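Open the model in your viewer and follow the stops below in order. Each stop gives a selection and then what is there.

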Amino acid sequence: MEFITPGVGSLFGGSGLLAVVAVYYTLVLVSLVHLIFKTNYNLKERLLWMLVLWLVPIIGAIVYWVMWNKRSA
């Protein structure tokens, strides 16, 4: 079953879009686990990062890891 009209492109046709979304949310889940168990952020900072990770597609996960690397360096 096609989720998007055929001929849009191989990345966005059929299960390609599903794979991209699945990879994104897997990365978000890994980032959340890291945020909860491996960081020393206070509760307010953790809640803000959770909002960023879930509400800002793609950029949220990238920004989280960049800021984490800057903070730990």
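Helices here are DSSP runs of H or I with at least four residues, strands are runs of E with at least two, and both are numbered from the N terminus. Colour by secondary structure: the chain has 3 helices and 0 strands, in the order α-α-α along the sequence. Residues are numbered from 1 along each chain as its sequence is written. The model is predicted, so local features need pLDDT of at least 70 and side-chain atom pairs pLDDT 80 or more, while totals for chains, interfaces and linings use all residues, and side-chain values use heavy atoms, without hydrogens and water.

Next, show the surface. Its accessible area (Shrake-Rupley method, 1.4 Å probe) is about 5400 Å², with 75% belonging to carbon and sulfur atoms. Of the 73 residues, 22% are buried; buried means under 20% relative accessible area, exposed over 50%, and partly exposed in between, with a 1.4 Å probe and protein chains only.

Select Y24, V28, L32, L35, Y41, W49, L53, A61, Y64 and W68. These 10 residues form the largest nonpolar core, a set of buried Ala, Val, Leu, Ile, Met, Phe, Trp, Tyr and Cys residues joined through side-chain atoms within 4.5 Å. At least two core residues come from each of α1, α2 (43-55) and α3 (59-72), and α1 gives the most, with 4.

E45, W49, V52 and L53 of α2 meet G60, A61, V63, Y64, M67 and R71 of α3, where contact means heavy atoms within 4.5 Å.

Centre on W49. Leaving aside neighbours within four places in sequence, W49 contacts L35, Y41, G60, V63, Y64 and M67.

Move to H34, in helix α1 (residues 15-37). Is H34 buried or exposed? H34 is buried, with a relative accessible area of 15%. Beyond neighbours within four places in sequence, H34 is in contact with T39, Y64, W65 and W68.

Finish at Y24 and Y25. Rings of Phe, Tyr and Trp (its six-membered ring) pair if their centres lie within 6.5 Å; planes under 30 degrees apart are stacked, over 60 edge-to-face, and the rest tilted. This rule gives 1 aromatic pair. The ring centres of Y24 and Y25 are 4.8 Å apart and the planes are at 70 degrees, so the pair is edge-to-face. Y24 is buried at 8% relative accessible area, whereas Y25 is partly exposed at 37%.
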